[in-house]
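Trainee: Could we go through this one together? I would like to start with the charged side chains.

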Amino acid sequence: MFELVTSEASYYKSLNLLVSHFMENERLKKILHQSEAHILFSNVLDVMAVSERFLLDLEQRVEENIVISDVCDIVYQHTVNHFSVYITYVSNQTYQERTYKQLLQDKPAFREVISQLELDPKCKGLSFSSFLILPFQRITRLKLLVQNILKKVEEKSDRESTALDAHKELETVVKACNEGVRKMSRTEQMISIQKKLEFKIKSVPIISHSRWLLKQGELQQMNGPKTSRTLRTKKLFREIYLFLFNDLLVICRQIPGDKYQVFDSAPRGLLRVEELEDQGQSLANVFILRLLENADDREASYMLKASSQSEMKRWMISLAPNRRTKFVSFTSRLVDCPQIQCVHPYVAQQPDELSLELADVLNILDKTDDGWIFGERLHDQERGWFPSSMGEEILNPKIRAQNLKECFRVHKSDDSQRRKLGSRNRQ
């Protein structure tokens, strides 16, 4: 609880520096156009005002008694009433990053002023961009701090109740922040993909507010009927390119000019996958993709070869997400399940990957022989792939059980809400 207070003080001080040292710098103001400054700094003044108000209430609680009674009630009130400013700030992140890179590239005067400002001892060696990302880091850290408080408080106490409430509200804000970032980047990505597609079949409108990209990439398609499969066949496979969206699969061939010619498509709900039993080296990492209803309203089947075992598994799980994974997930309330703890942070490189922070604990749902794990993070149930070298497997069953217990406790209030809703719906 004390760390929550002191870290908010430190965060507020850094926000103050971002505003007074960078945003209000006269030389920088002259260089930046009003719209550029708006994208770069967004609603940081609102965020700072909210942090100041929050910090005052926290400090008042410390003044009442150095042995802090609780802070989660204050966190709850501020999250409900004021923290929506974070959603606005964080949602702007995609444009903020792009504008910053563009300014560094196009305006030497901007680059020069920023470099000089960063050299000031006040910045303690931190870059301008590390100040810009502070609000996103803060709202995520607050959630983790409340989570840690929740692990320490007495069960069925008032403090547990306020910690659960605060955690739930913070989780709502963090999810909204993540969703805001995703929406911005997804829209740009969809526009970019639409421009690259040329339809050989009846055109499908790609851009939609409810559609986003899950996975894209090249696979090898087996030519001819199954009976013609021999090692002597030189052109046994040819390249095809898949764009998999949350509700649609588009199958293409790459053509000159960074374009893709679409020759088939199907709703994602009508896809089925099947692993091919090992039939020698040439058929390693081969799987069958069935389209129950394709662009011609017919059933179609494709025999596809991936570049590695992990790539094959990743495609199969993405194409048909309801397939059984090797291990059952924590959400099934399994008593024990393989777990891994993150020892190196990881930034997702593909849409089907999961970014990891140090000390994240995940259930292992599937793994491949070539070093990839499909995991479900315990504290938010987010799923995705990551390299196995990023974590260490938790071999002690008592520690695994403790991790699950803590996780159930954090999500206890969500579960009771779901059960209430479920019984209401049944009635």
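Mentor: Let us begin with a term: a salt bridge is a side-chain nitrogen of Lys or Arg within 4 Å of a carboxyl oxygen of Asp or Glu. Please keep in mind that this is a predicted model, in which local features need pLDDT of at least 70 and side-chain atom pairs count only at pLDDT 80 or more, while totals for chains, interfaces and linings use all residues. Residues are numbered from 1 along each chain as its sequence is written, and side-chain values use heavy atoms, with hydrogens and water left out.

Trainee: Okay, so which residue does E179 form a salt bridge with?

Mentor: The partner of E179 is R182, and their closest N and O atoms are 3.4 Å apart. Both residues lie in helix α11 (residues 158-196), three residues apart, which is about one turn of the helix; helices here are DSSP runs of H or I with at least four residues, strands are runs of E with at least two, and both are numbered from the N terminus.

Trainee: And is E179 buried, exposed or in between?

Mentor: E179 counts as partly exposed because its relative accessibility is 29%, given that buried means under 20% relative accessible area, exposed over 50%, and partly exposed in between (1.4 Å probe, protein chains only). R182 is also partly exposed, with a relative accessible area of 30%.

Trainee: How many salt bridges does the structure hold?

Mentor: The structure holds 26 salt bridges. One of them joins the side chains of R138 and E8, at 2.8 Å from N to O. This pair links distant parts of the chain, since R138 is in helix α10 (residues 134-152) and E8 is in helix α1 (residues 2-23), 130 residues apart. Both R138 and E8 are buried.

Trainee: What about K215, which residue does it pair with?

Mentor: K215 forms a salt bridge with E311, with the closest N and O atoms 3.4 Å apart. K215 lies in strand β2 (residues 213-222) and E311 in helix α12 (residues 309-319), so the pair ties together parts that are 96 residues apart in sequence. K215 is buried, with a relative accessible area of 2%, and salt bridges that share partners join K215, E311, R314, D352 and E353 into one network.

Trainee: Switching topic, how do β11 and β12 pair?

Mentor: Strand β11 (residues 372-377) pairs with β12 in the antiparallel sense over five bridges, where pairing requires that DSSP finds at least two bridges between the strands. I373 stands opposite F386 in β12.
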